[in-house]
Amino acid sequence: MAKAPILTPRAEDFPRWYQDVLAKAELAENGPVRGTMVIKPYGYGIWERMQAEMDARIKDAGAENVYLPLFIPESYLRREAEHVEGFSPELAVVTVAGGKTLEEPVVVRPTSETVFGEVMARWVQSYRDLPLLLNQWANVVRWELRPRVFLRTTEFLWQEGHTAHATRDDAVACYLDFMHYVLAVPVQVGVKTRRERFAGAINTMTCEGMMGDGKALQMATSHELGQNFAVAFDIDYLDDTGTRQHCWTTSWGSSTRMVGGLVMCHGDDAGLRVPPRVAHVQAVVLLVRDEDGAGAAAAALDADLRAVGVRSRLDAHTSTSFGRRATDWELKGVPVRLEVGPRDLAEGRVTLVRRDTGAKTDVPIGGAVDAVVRALEDVQAGLLAEATSRRDERTVRVGSVEEAIEVAQTGFARIPWSMLGDDGEDRLATQAITVRCLQRADGSVPEVVDGSPVGEDLEALVARSY
RNA sequence: CGGGGAGUGGCGCAGCCUGGUAGCGCACCUGCUUUGGGAGCAGGCGGUCGCGAGUUCGAAUCUCGCCUCCCCGACCA
């Protein structure tokens, strides 16, 4: 008799499946205030891995970490007209504190361009101070009407980089490598259209990933702020001729939304599948029954794995049935599982199970550690390959807005930008479809001049999105 | 803000119409038997039924008021 599925099948109701995975894999739950989330140890462990990998890349790119305040004077936001206009609907504002009504309300940061602007204005005096490359890890608050855990929460954790340059300069491009190499999510990099641009930027670039249901998720962004914030906050320097100049600034961010993207990109009907490089538990040694020395053998394998740097965990909770524990680790998406029981030991072997394919193989106990290390590499590559082929199969080049709407029901449509334009964007919007980004025909990022991407071969990547 | 629902052990729900000992599933605790794919049986812990007033001998249930939350319609990591 077939048992009821543990999770809602993805094909039946994808959003419900997503909720089920968050609960069953113990990633997060809702907080007491609508839109807030409690990130549980297993979910936070994944975020910590993301932070470690991102932080290393940010530092490689030359940026240093700082911490700026959570509270921002309301007047700061008003200094950049587009910025305040864009963010005001989602601001949380403190008007009472210390038992008194504040003379000037204080805003809980929705992002920190304004405080960075004020700080940079003081720190930058000379062209010798440039470029100034800063980053901070922080929480931010944007009051959400339609929250979804990890994907769109009122408070979220992120990394925000802020840089100042003497000339218009490239933003840091470490996201692509991180998404591809660590998260195994093949992202499309392009520029946002005017209407999707960050409030106050002259150009916004985005990394768009395709989820398991063909919808898009913006997984990171980077903004060229031009001289807008430099003018508003007097971020000036003296150049080598002694002339006062405005800086050019950028900002770029990635957030806990990536955890949601990870779930929706790699999860299957049996639960989460975590790519080994971002897995906080890479392998679990699952003791079947503690008989005939199986317990000692399992503990030894776990220790051997950790000795070679595999993030391994021993599950010797034999008071819980084997099947239950196997299912739970599958829900959590641990990439590789080693099953150790008396039956295996009698034959001098253990059972290795790959989470991505479900394939089971018997390996000699002496070669188990090497087999796990190899399997981790295979799972990493397998997940990337699977996500890439899905993206490629579901990305279709079209020649009309009607076709684009059709294709966007199941994936991404590529349509010549000249065929779409502002009117086309309106037509798509009525179907809940948006232009995710603009690219050149070869998929490269176009140049942006005076706020508009240029090139004869511009294409719009359109899709439904989260 | 406009339309539709719901508030009952930790979670998911029934009971309300027709007032009378507060119930079920999951989870949790104890014991025994189990353990190679979601264990079984037995016994247990846990709830001033969203808040306030009213009707009544008696209110989860009927009446009135209030509060909160959820679902569907414009922008954002």
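Visitor: Which side chain does a polar contact join to that of Arg 436?
Guide: That of Thr 434, at 2.7 Å; a polar contact is a pair of N or O atoms within 3.5 Å, where within protein one must be able to donate a hydrogen and the other to accept it, and residues adjacent in sequence count only if both atoms are side-chain atoms. This is a predicted model, in which local features need pLDDT of at least 70 and side-chain atom pairs count only at pLDDT 80 or more, while totals for chains, interfaces and linings use all residues. Side-chain values use heavy atoms, without hydrogens and water, and residues are numbered from 1 along each chain as its sequence is written.

Visitor: Is Arg 436 buried or exposed?
Guide: Arg 436 counts as buried because its relative accessibility is 5% (buried is under 20% relative accessible area, exposed over 50%, partly exposed in between; 1.4 Å probe, protein chains only).

Visitor: Where does Arg 436 lie?
Guide: In strand β22, residues 434–439 (helices, H or I of at least four residues, and strands, E of at least two, are DSSP runs numbered from the N terminus).

Visitor: Changing topic, what is the strand order in the five-strand open sheet?
Guide: The order is β16-β15-β17-β18-β19, with mixed pairing (two strands pair if DSSP finds at least two bridges between them). β16 and β19 stand at the edges with a single partner strand each, so one side of each has no neighbour in the sheet.

Visitor: How many bridges join β15 to β17?
Guide: Five, and these strands run parallel. Val 284 has Arg 337 in β17 as its bridge partner.

Methods. Chains are lettered from A and ligands numbered from 1 in the order in which they are written.
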